[in-house]
Structures are given as structure tokens and as C-alpha cells.
Amino acid sequence: MTELTQATATTGFDRTTTIVPTDRPGEFTVDLDAGWSSLVGVHGGYMCSLAVRGAEALATDRTVRTITTSFLRTGEVGPAELRVRELRRGRSMSTVVAELHQEDRLLLTSRLTLLVAREGVEWSTPVRLDLPEPEQCVRMDPSRVSHFHQVDGLLDPGSLPFSGLDRAMVRGYIRPLEGRRVDAAWLAMASDWFPPPAFVRLEPPTGGVSVDLTTHVHRPDLTLGEDEWLFGSFRVDDSTGGLAVEHGVITASDGTLVAESFQTRLTAS
């Protein structure tokens with residue numbers, strides 16, 4: 001088992017996503033940190049990042065590229081247990097399942113795909129988000145939702161929550177605090193960091209309760225320059241039968257995809 005899980009908490013994100021191996025293979029203790037409190041319970045993307053940490057600890061030679069999570073119950077601040085098992089290990093790819101438990105309650109289950117470093121047929125079509133300049137954007141008020149403190153983030157004033165616009169979309173800039181690198185665990189969190197797009201049209205909690213979240217990590221290891229940002233855009237184009245599908249992209253400044261997500265949220269009253 002890798003020692004990185006407990007020996008490299010060099011930033012706030014690293015510290016709050018530290019997992020500690022127990023004497024049972026594939027099981028870790030974790031502490032769901034109060035700094036990741038969300039509108040309801042503990043932030044879902046943060047809990048997904050813990051699943052990434054567990055998968056990487058089990059398959060140390062591979063990097064998480066896709067994580068699909070079903071949220072079953074709300075997490076609360078305090079101790080929890082992460083259980084991870086490798087379903088299949090091939091020469092270049094592993095499939096891992098991670099479960100987060102708290103006081104005998106299963107909070108979430110994640111299926112993760114990990115790959116070794118490899119070359120393949122590659123192409124990239126830039127996604128141009130055309131955001132306003134950072135100085136024209138605004139910060140989220142973290143007074144009620146503390147997880148907004150955990151990244152450096154700005155929102156496009158033309159797509160703010162509770163603005164009553166017809167288009168359910170939020171956009172803006174995001175980057176890690178303390179100059180840490182952008183990795184798969186951080187991107188699993190970041191794909192859920194922005195306010196739910198439905199809040200542009202609806203009042204919470206309607207449109208904010210997560211059911212499932214899939215994040216594909218296109219580029220799992222980036223270091224941003226001092227003045228660099230990642231760009232984010234998250235939108236809901238359809239809500240039917242009480243369920244909305246949210247599509248999100250996180251890109252580099254040149255439009256290169258860094259991560260992409262699909263999330264389902266409840267819009268039933």
C-alpha cells in the first residue's frame with residue numbers, strides 16, 4: 001500500500017483528502033472535513049475525490065481517468081470508512097469499486113477506470129467558452145456553503161444563481177489554492193464545485209440534489225502558472241420527469257479539455 005496516502009498532506013486539499021490504511025486490505029479511515037460542508041451535508045465532489053484517493057492507493061501504477069458515482073445518502077462531518085476493491089486488473093487498465101461508509105450507512109458507491117501511461121491515437125477540438133475577463137467576474141458568498149472556500153473560483157456575472165434567467169447555466173474560472181497541481185482527485189471535486197445550473201432558474205434545494213455523477217479526466221496532471229486559470233461551464237438543457245441532466249466541461253485557457261462531466265439532479269418539487 002502506498003505511503004502517499006498519509007505522508008503528503010502538503011496543502012489544504014491534500015490534508016482534507018488524506019486516507020489512512022487500516023489493518024484490513026483495501027480499507028481506509030477518513031475524516032469528512034467541516035471545510036467541505038455544502039448546502040446539504042458534505043460536498044459530493046469532495047467525497048468523490050476520496051474514492052479517487054482510494055483507487056490510486058490500490059493501483060499505484062495507474063491514474064484514474066473515469067469515475068462514476070451514485071450518491072445514496074448524505075454524508076456528515078466526521079469519521080468515515082472507505083472500502084476499495086479491484087474488480088479486474090489488465091495489462092494497462094484496472095476497474096475499481098470504492099464505497100464510502102459512515103456509521104454503518106453506505107453514502108456512495110463509485111466505479112473507477114484507471115490506466116497506465118500510454119500513447120494512443122490522439123486529437124483535440126478546442127472548446128471556446130469566451131468568458132468575461134477574471135476582473136469582471138464575481139466570487140460566490142461562502143457564508144452558508146463552506147466548500148466554496150476550498151478553491152480559487154470566479155463566476156460569470158451573466159450566469160449567476162438565483163438570477164431568474166431562462167438558460168440554466170453557470171460559468172466561470174477555477175484553480176487550486178496554494179499552487180497545488182491539478183490531478184484526478186482535484187478534478188473529481190472540481191466537476192461538482194460550481195453551483196448547480198438549475199439554481200439560475202429554481203430556488204434550492206430543487207435542482208441541487210445529486211443522484212449520479214460521472215467525470216472523465218482528459219488530462220490528469222497539470223501545473224498552472226501563477227496567473228493561469230481553468231475555465232468551467234455547466235449547463236442543464238433538459239429536465240424531464242423530475243430529473244435534470246447537467247453537462248459540464250473544464251478546459252485550459254486555450255480551450256483544451258481537461259475534464260468533462262455528466263450529472264443527474266432531482267428537479268421534482
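This is a predicted model: local features need pLDDT of at least 70, side-chain atom pairs count only at pLDDT 80 or more; totals for chains, interfaces and linings use all residues.
## The surroundings of Arg62

Arg62 sits in the loop that connects helix 3 (44-58) with strand 3 (63-71), and its relative accessible area of 7% falls under the 20% limit, so the residue counts as buried. Two polar partners can be named for the side chain of Arg62. A polar atom of this side chain lies 2.9 Å from the backbone oxygen of Gly90, and the side chain also makes a polar contact with the side chain of Ser94, at 3.1 Å.

When neighbours within four places in sequence are left aside, the residues in contact with Arg62 are Arg89, Gly90, Arg91, Ser92, Met93, Ser94, Leu114, Leu115 and Val116.

## Strand 13 and its two partners

Strand 13 covers residues 243-251, and because 7 of its 9 residues are buried, the strand is largely enclosed by the rest of the structure. Strand 12 (residues 230-240) runs antiparallel to strand 13 and is joined to it by 9 bridges; within this pairing, Phe234 stands opposite Gly248 of strand 13. The two strands form a hairpin with 2 residues between them, and Gly241 in the turn has a positive phi of about 60°.

Strand 13 is also joined by 9 bridges to strand 14 (residues 257-266), again in an antiparallel arrangement, and here the bridge partner of Val249 is Glu260 in strand 14. This second hairpin has 5 residues between its strands, with Gly255 in the turn showing a positive phi of about 90°.

Val209, Leu243 and Leu266 make a nonpolar surface patch of about 220 Å². Of these residues, Val209 belongs to strand 10 (residues 209-217), and with a relative accessibility of 40%, which lies between the limits of 20% and 50%, Val209 counts as partly exposed. Leu243 falls within the residue range of strand 13, and Leu266 within that of strand 14.

## Salt bridges

Side chains of opposite charge can pair when their charged atoms come close. Counted with a cut-off of 4 Å between a side-chain nitrogen of Lys or Arg and a carboxyl oxygen of Asp or Glu, the model holds 21 salt bridges. One of them joins Arg89 to Glu86, with the closest N and O atoms 3.2 Å apart; Arg89 counts as partly exposed at 42% relative accessibility, and Glu86 is likewise partly exposed at 29%.

Another salt bridge is formed by the side chains of Arg139 and Asp152, at 2.7 Å from N to O. This pair links distant parts of the chain, 13 residues apart, with Arg139 in the loop between strand 6 (105-115) and strand 7 (152-155) and Asp152 in strand 7. Arg139 counts as exposed at 52% relative accessibility, whereas Asp152, at 13%, counts as buried.

The side chains of Asp237 and Arg235 meet in a salt bridge at 2.6 Å, N to O, and Arg235 is partly exposed, with a relative accessibility of 28%. Elsewhere, salt bridges that share partners join Asp14, Arg53, Arg180, Arg181, Asp183 and Asp221 into one network.

Terms used: Residues are numbered from 1 along each chain as its sequence is written. Side-chain values use heavy atoms; hydrogens and water are left out. Helices (H or I, at least four residues) and strands (E, at least two) are DSSP runs, numbered from the N terminus. Buried means under 20% relative accessible area, exposed over 50%, partly exposed in between (1.4 Å probe, protein chains only). A polar contact is a pair of N or O atoms within 3.5 Å; within protein, one must be able to donate a hydrogen and the other to accept it, and residues adjacent in sequence count only if both atoms are side-chain atoms. Contact means heavy atoms within 4.5 Å. Two strands pair if DSSP finds at least two bridges between them. Patches are made of residues with over 30% relative accessible area and no salt bridge: like charges are joined within 9 Å, nonpolar side chains (Val, Leu, Ile, Met, Phe, Trp, Tyr) within 5 Å. Accessible areas come from the Shrake-Rupley method with a 1.4 Å probe; for residues, only the protein chains shown count as cover.
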